[in-house]
Amino acid sequence: MIAASVFNTLYRHLFFSALAVSLPWVGMAQAHAAVPAELPLLHAMFQDHAVLQRGQPIRVWGSATPGQDVRVALAGSRGRARADGEGRWQVSLPALPAGGPHRLTVRSGQRTQSLEDVLVGDVWLCSGQSNMELPVRRSLDADSEIAGAAAPTLRLLTVPQAASVVELDTFQTAVHWQTVSPGTLRDFSAACFYFARELQKKVAVPMGLVSAAWGGSRIEAWMSTAALRAEGRHDDGLDALALYARDPADGARRWGEIWQRWWQQRAGVAAVDKPWNPSQAPVGQWRKAPAALGAWEYWGEPALADYNGMVWYRTTVRLSAAQAAQQATLELGAIDETDMTWVNGRGVGSAYDPGSGRRYVLPPGLLRVGDNSVVVNVLDTYRDGGMNAPASAYRLSFGDGTSVLLQGWRYRAAPGDGAPPSAPWQTAGGLASLYNGMIAPIGPYGLRGVLWYQGESNTGESGSYQALLKTLSRDWRTRFGAALPFLVVQLAGYGMPPTHPRESGWAGLREAQRQFAYEDPHAALVVALDIGDRYDIHPPNKQELGRRLARAARALVYGQPLAASGPVPVSARREDDTVIVRFAEASEPLLAYGADTPVGFELCGAAPGSCRYATARIRGQEVVLHGPLEQPATRVRYGWADNPVVTLFDSSGLPAGPFEMEIP
């Protein structure tokens, strides 16, 4: 489990660019309906300045009048299709070598669409959370990088941030392939751009960069519903999501029941403790909240002054027969950060949206004459927590335009470990939400590979991350190609260095990333541990990250004779009273920076908490370890902390990555 102090800072800062998005749930299920004839013939992925993937059949698709013939021409190649009953069509053109510019032309009936300046080269999808999203303007030396922007055969496309409860055929807002200029580069993904710029020094072909990233997103949001269902651990959430897609009010009710079960299973919660239930006597100490509400840190309560955690709020509102009979919306001003809300014991909504208001449409018949209960459970992990808008922002609004304020709130803090589950329709924290809104719209567009930089939002569940990463890769390979390469960025260091061995969710997640790359023949790991920033979860040195990504691509994808990363541990063995770790794929010799011997190694026994720092010395491609353990070591670890001090490199300047390994 991630340390609470790091988690509290992390959870909020991951969202530096994750703006609140209003999701058009209602009617979204009809997103696949027939497309009006006036829309472009070509799908939105096909624009002027596009890059198409070389060396493989080129899939081109779009919409036309149902039943009408469609003719496609590109660089001397031609294809033909007929639009189906919903107006969809797709053509596969022969593979082309790198080159261009070309013109892509589509004709159907009296309509023609032509694209200019189309290149053929390698297309890379850059995805993940905020460290992939971080733009060039926030990277090192940003002003000069932007002012000197010039890369005539690099093209940029940023996928609009959008979440959906169903798979979308196209993007919710316009997209454009753009040439590189100071105006287009400043807000584009820094890691993605620096990678391609470096790669083009050795692979001189046009490159198209598709950035699809969302700060603070969890890996589950990037996987399809089918993949998550097959993964087998999300059935309750997926069932609620499917219900929500058909009927948001019923989906919210179902999710409220799931949340209630989570609460009842929480450590220290009594069976009779059901704060959402208006017919049950309240359990625990409920205190009167200030009439003005606002963030709980400013209530003058010492216990809440620096409190990051969960607080229950409840109140009652008396309604007349006329009010109770009307359509009603619960308006909850600003809430920071996550809420689960009940009215009269029924779940009506849940969202993660720091500092933003909620509007929950109540189902008919829920309100009643007389007293009605409103209960809001709020989780905040950073600061300014709770219902932090003025009291006048919390109300019930009725169909006739009138409203009634919600007043007389009482509260109860609920400290303890463990965060509640995220509602499956949430944007960055939901299930399949970003796959549906940002990956599915890309369609079967040809790709050379994927850059994946994500994991900070999953460090609390590092034990399951390797399986999730396997599921994600299988899922995307189903869409984009069975042998699709994945370049996985291992999490950079963040936080204060440790003073003694300890457990670390960040280290555990890095190990899951390492194991995934080790076992997958079409994946490579990019170590970023040493280029992190203890004070900034978004380290700005994306240029060096780009160089390492390019090196990994050259080795994995282009077959160039160099190691994909720095020293890789391959074995551990006992030798007399020492433990020997052997490394491979390193540019000889191994080096220790800043000292005669490397630091960061630990030897561990079988018991929890038994790890101790080991003294180490380099012997060729091996590191010899001595430790103070009373019993023989059973495991060896290296760099096992959120932000460890590590000094083992090879002669190319690349670091050995963190790892944990059993000693046979």
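Cysteine 126 and cysteine 192 are joined in a disulfide, with their sulfur atoms 2.1 Å apart. Keep in mind as you look at it that this is a predicted model. The link between cysteine 126 and cysteine 192 is right-handed, with 65° about the S-S bond. Cysteine 126 sits in strand β7 (residues 111-128) and cysteine 192 in helix α5 (residues 190-199), so the bond ties together parts that are 66 residues apart in sequence. Cysteine 126 has 0% relative accessibility and therefore counts as buried, the cut-off being under 20%. Cysteine 192 is buried too, with a relative accessible area of 0%.

The structure holds two disulfides, so let us turn to the other. Here cysteine 604 pairs with cysteine 611, and the sulfur atoms are 2.0 Å apart. The torsion about this S-S bond is about 105°, so the disulfide of cysteine 604 and cysteine 611 is right-handed. Both of these cysteines are buried. If you number the bonded cysteines of the protein in sequence order, the pairing reads 1-2, 3-4.

Now for a sheet. Four strands, in the order β16-β13-β18-β19, make up an open sheet with antiparallel pairing. At its edges stand β16 (359-361) and β19 (403-405); each has a single partner strand, so one side of each is left without a neighbour in the sheet. From one strand to the next, the twist averages 20°. Within this sheet, β13 (residues 328-332) and β18 (residues 394-398) run antiparallel and are joined by five bridges. To find your way between them, look for glutamate 331, which stands opposite arginine 395 in β18.

Methods: Residues numbered from 1 in each chain as written. Predicted model: local features only at pLDDT ≥ 70, side-chain atom pairs only at ≥ 80, totals over all residues. Heavy atoms only, no water. Pairing = 2+ DSSP bridges. Helix = DSSP H or I, 4+ residues; strand = E, 2+ residues; numbered from the N terminus. Axes fitted to C-alpha atoms, helices over the stretch in contact; angles between N-to-C directions. Disulfide = S-S within 2.5 Å. Buried < 20%, exposed > 50% of the residue type's maximum accessible area, 1.4 Å probe, protein only.
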